[in-house]
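Reader: Please take me through this protein by question and answer, with the definitions as we go.

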Amino acid sequence: MTSANGNASQVTNNDDVRKPFKIFIGYDPREDQAYEVCRHSILKRTSIPVEITPIVQSDLRAKGLYWRSRDQFESTEFSFTRFLTPYLANYDGWAMFVDCDFLYLADIKELTELINDKYAVMCVHHDYSPKEKTKMDGAVQTVYPRKNWSSMVLYNCGHPKNKGLTPEVVNNQTGAFLHRFQWLDDNEIGSVPCVWNFLEGHNKVVENDPKTFPKAIHYTRGGPWFEAWKTCEFADLWLKEMEEYMKKKSNVS
């Protein structure tokens, strides 16, 4: 892991002095490799300055920002900490939260160009009911309305309603309230094309239709970093990215 939550250093791909786009990636110690590859895939392709911060539950607990008890249905350590994104961004500008099990195949600048200030949040409006009973390394697979909407969210952090996402609310509200965006009206939830949260095993590429090819693959059932998912769809792309990351890391050290 490259930096502690709340104290991220600016990471850019050039000397551009524009304000960097803030990206918060959910971090779980069991998926450290997934986090590093996700981060690498963003930095490799971005043409705009970005600031990447891992959301680390242990750091948030140490800072008194997170005290919620672990729920039996939480599959990752960032199941609820993700909703602190506007707070961690100082309720300023737009920021993105994304699960660590993503692989970016396109420039994040393309995603930021979809931002519309009339919305409080923007995300892919999935209609997803997984058939599997478990995912990842044996975690319980749950089904609920708006499942996976919260796995990649563009937050209009200064929006008045997002200022209501305080640590107190995130620690005390129900999973339904948070994951279904119940602090917002439906017309405040903007839509993003599904290619930016392309669910492995669910969304499909249409032959000869480049518009359906993923810009960001979400290994929501489990990715190649788990033994049980080493042969999942698009595993080769993730493994190639991991090799590039490991090579770059070894050259630096």
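The questions below go from the whole chain to single residues.

Reader: What kind of model is this, and how are residues numbered?

Author: This is a predicted model, in which local features need pLDDT of at least 70 and side-chain atom pairs count only at pLDDT 80 or more, while totals for chains, interfaces and linings use all residues. Side-chain values use heavy atoms, with hydrogens and water left out, and residues are numbered along each chain as its sequence is written, from 1.

Reader: How many helices and strands does the protein have?

Author: Helices (H or I, at least four residues) and strands (E, at least two) are DSSP runs, numbered from the N terminus. By that rule the protein has seven helices and eleven strands.

Reader: What percentage of the residues of the protein count as buried?

Author: A residue is buried under 20% relative accessible area, exposed over 50% and partly exposed in between, with a 1.4 Å probe and protein chains only. The protein has 253 residues. The part that counts as buried is 54%.

Reader: Among contacts between residues at least 6 apart in sequence, what percentage join residues at least 24 apart?

Author: Contact means heavy atoms within 4.5 Å. Among the contacts you specify, the share joining residues at least 24 apart is 74%.

Reader: How many salt bridges does a search of the whole structure find?

Author: A salt bridge is a side-chain nitrogen of Lys or Arg within 4 Å of a carboxyl oxygen of Asp or Glu. The search of the whole structure gives a total of 13.

Reader: Which parts of the chain does the salt bridge between Glu244 and Lys44 tie together?

Author: The closest N and O atoms of Glu244 and Lys44 are 2.5 Å apart. Glu244 is partly exposed at 28% relative accessible area, and Lys44 is partly exposed at 42%. Because Lys44 belongs to helix 1 (residues 32–45) and Glu244 to helix 7 (residues 235–252), the pair ties together parts 200 residues apart in sequence: helix 1 and helix 7.

Reader: Is Glu241, which meets Arg45 in a salt bridge, buried or exposed?

Author: The N to O distance between the side chains of Arg45 and Glu241 is 3.0 Å. This pair links distant parts of the chain, with Arg45 in helix 1 and Glu241 in helix 7, 196 residues apart. Arg45 is partly exposed at 21% relative accessibility. The relative accessible area of Glu241 is 3%, so Glu241 is buried.

Reader: Which residues are linked in a network of salt bridges?

Author: Glu241 is in contact with residues beyond four places in sequence, including Val37, His40, Lys44 and Arg45. The network of salt bridges is made up of Lys44, Arg45, Glu241 and Glu244.

Reader: Which residues does Ser79 contact, leaving aside its neighbours within four places in sequence?

Author: Ser79 lies in the loop between helix 2 (57–62) and helix 3 (85–88), and its relative accessible area of 9% makes Ser79 buried. A polar atom of the Ser79 side chain lies 3.1 Å from the backbone oxygen of Thr76. Beyond those neighbours, the contacts of Ser79 are Glu74 and His179.

Reader: Is Glu74 buried or exposed?

Author: Glu74 forms a salt bridge with Arg70, whose closest N and O atoms are 3.7 Å apart. Arg70 is partly exposed, with a relative accessible area of 48%. For Glu74 the relative accessible area is 8%, so Glu74 is buried.

Reader: How do the rings of Tyr27 and Tyr35 pair, and what is the angle between the planes?

Author: Rings of Phe, Tyr and Trp (its six-membered ring) pair if their centres lie within 6.5 Å; planes under 30 degrees apart count as stacked, over 60 as edge-to-face and the rest as tilted. The whole structure has eleven aromatic pairs. The pair of Tyr27 and Tyr35 is edge-to-face, 5.5 Å centre to centre, with the planes at 85°.

Reader: Why is the pair of Phe78 and Phe97 tilted?

Author: Phe78 and Phe97 are both buried. Their ring centres are 6.2 Å apart and the planes stand at 55°, so the pair counts as tilted.

Key. A polar contact is a pair of N or O atoms within 3.5 Å; within protein, one must be able to donate a hydrogen and the other to accept it, and residues adjacent in sequence count only if both atoms are side-chain atoms.
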